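Work through the exercises below with the sequence and the model side by side. Each task is followed by a solution that goes step by step.

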Amino acid sequence: MTEREAGPMKGFKKLLFGVAMLIAALVVAACGSEGGIEGGKDEGEVPVAKAEGEPSGTVKIANWPFYIDRKTVPEFERETGIKVQYVEEVNDNNDFLAKVQPQLQRGESGGRDIMIVTDWMANRMRELGYLQDFDEEAIAPAKANLVPQLASPAFDPERKFSLPWQSGMTGLVVNKAKAPDVTSINDLFDPKYKGRVEMLNEMRDTVPLVMMADGVRPEDATEEDWMNTIEKIREAAESGQIRKFTGNDYTRDLANGDAVAVIGWSGDAVQLQADNPDIQFVMPDEGCTLWSDNMVIPVGAPNPTAAYAWMNYVYDPENQAQIADYNYYFTPVKGTKEVLERMGSDAAKSELVFPTEEYTANCSTQDEPPGGPEVVRKVEQAWQDVITGA
Amino acid sequence: MSTVRRRLVPYFLMGPGLVWLILFFVVPLYFMGRLALESGTLATGFEFTWEFANFTDSFDRFDEQFVRSFVYAGVATVIALLIAYPLAYAIAFRGGRWKNALLLAVVAPFFTTYLIRTIAWTTILSDDSVIVDVLKAVGLLGDEGRLLATPTAVIAGLVYNFLPFMVLPIYSSLERIDVRLIEAAKDLYASARVAFWKVTLPLSMPGVVAGTLLTFIPAAGDYVNAFFLGSINQSMIGNRIQSLYLMELDYPTAAALSFILMAAILAVVVVYIRFAGAEALMGDEGEQRA
């Protein structure tokens, strides 16, 4: 095949072949497009995930990383005979929604029986029609052990579709040796710390705190308050005062010494402290924001019965103590403190795992910007523009 | 072999490549094009409405990142070329029996994944690192200076991560040069410098053009380096596409932005190839066909 073929035949064939391929591609595309990206909520009744008979089979749980100790899952499996598929696939609420949304839109859960998402995302998923309500009877044992502070959040006052996995506080995480005088969110704007402070890229963590430092309570904030606060953060970011907006990776920058004071999460501070005692969680003078990551049951969950068995299991204080002792977040289960004391765990003494009413007095629960989805979208866009530098 | 079969053979040979290209390039491209012209939000659902405003709006909003991406990618390509050419030259002509070992040394760091290598640089360049201390001591950095979260760090990251894509093509085209041509130039009284400019460099142009393209194209769309080594004031267009898609869940704008990026890169590449000459990219074969 060294000499080239010439003549009109070749060109014609080539054309024919090209057309055939193009048609094939379009057919493939057209068939595929039915499953395209579409949102939209289904009006009407929210389905209830009914428990049926004795729990058995497999339960698939989608959770965040570093959120459970090594023993709880195998012990649950041994005790109940249910097999657990525990997947650490949630790193960011929006990211996770983007990943599961095409399946949920088709009414499938991708085999997941329980997903763990933050308050506002649980709310949003419910609005999109992606979640089922709990079977009240099946979940009663777990709900009986829920601590009162977390029993009626604004987005789900009766806990009909969400149950906290762990809760936490967003406040200051500070390297006390390098920034001893940081006690308020306003101190992050002090030129002394230029280029060595960081904030979280989760809007609902960072913006309300900065707002509180300016004297606006997030509960009463207007759209304008949100926008003004975002503008203030933008100026600080563009001037180089704020070094970066981060997720969990602020822990690395604190450990490296690139950052000396950041907006961060209570549980991380404890884990960082193990390596560097100078790093501490500081309750800001203005207060903190409280949030929960909640267990929810998606539409199409194959085994809700086993999902309830799991929820009831982790809401037993004996079992919960083991998890709390590992992750040091604010535990949502009554009676855990007593178990931890008996175990002689330091977690029992921690204000972060068992905050007193006085400690969290000024804290506000995390919320959305007011005014419905259009406003939320606008504010979110402004925020994304700030944290990605547009 | 019959003529029919002979004619069909090339298509069979192209088959796997074509199928791959259609499944993983043409079809996704079609979806992305459709998506780029949709309007709506995740909550209300996206609808196909020939929304051309997605293109104009996204360009207006993100022009700064576009310019920055191309500047960073351009600077990184030039620096990579300045590092890679002498390196490839030394390996090809002076490597001797160490040639393979030296090439391995160029490629070896890349047995580790891209992400880990980039994250490693955050430790190497961090504010308390030895490098920063030394630069401060010799006065190259002010007392308040830093490397991480600056354009320098992002460009250095791009150069580092794409260097092998520059070295290997240049090496392979230098390696193929018949040394007798250079000897002939010298026999004709060309100095070493003239011989290099008139013989070696032109013959190595295919490698240079391929290398610069292989560096520039991925560097312009990169977001990993800007994410780990930069701050928001160094964000590139890739960072914006990523956050539009995964954080804001604004799929149409993300798709439109991806298209604009593709078109812009294509335009730059076309102009560059025109300027450098197609024969430079394809070597002798290109010249014969032209």
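**Exercise 1.** State what share of chain B counts as buried, and describe the make-up of that chain.

*Solution.* Of the 290 residues of chain B, 33% count as buried, where a residue is buried if 20 or more other C-beta atoms lie within 10 Å of its own, exposed if 12 or fewer, and partly exposed in between, with C-beta atoms placed from the backbone. The model is a predicted one, in which local features need pLDDT of at least 70 and side-chain atom pairs count only at pLDDT 80 or more, while totals for chains, interfaces and linings use all residues. Residues are numbered from 1 along each chain as its sequence is written, and chains are lettered from A and ligands numbered from 1 in the order in which they are written. Next, chain B has 13 helices and two strands, these being DSSP runs numbered from the N terminus (helices H or I, at least four residues; strands E, at least two). Along the principal axes, the C-alpha atoms of chain B fill a box of roughly 75 × 75 × 35 Å.

**Exercise 2.** Work out how helices α7 and α13 of chain A are oriented, and what their contact consists of.

*Solution.* The axes of α7 (residues 223-238) and α13 (residues 372-387) of chain A come within 9 Å and cross at roughly 5°; axes are lines fitted to C-alpha atoms, for helices over the stretch in contact, and angles run from 0 to 180 degrees between N-to-C directions. The two helices, α7(A) and α13(A), are therefore roughly parallel to each other, since angles under 35 degrees count as roughly parallel. On the α7(A) side the contact includes A:W226 and A:I230, and on the α13(A) side A:V379 and A:W383. By class, the residues of the contact of α7(A) with α13(A) divide into 10 nonpolar, no polar and two charged (Ala, Val, Leu, Ile, Met, Phe, Trp, Tyr, Cys and Pro count as nonpolar, Asp, Glu, Lys and Arg as charged, and the others, Gly among them, as polar).

**Exercise 3.** Describe the side of chain A that touches chain B.

*Solution.* First, 35 residues of chain A are in contact with 39 residues of chain B. The elements of chain A that each supply at least two residues to its side include α1 (8-33), α3 (93-105) and β7 (242-246), while the largest share, six residues, comes from α13(A). The residues of this side of chain A divide into 15 nonpolar, 10 polar and 10 charged.

Key. Parallel < 35°, antiparallel > 145°, perpendicular 65-115°, else oblique. Contact = placed C-beta atoms within 7 Å.
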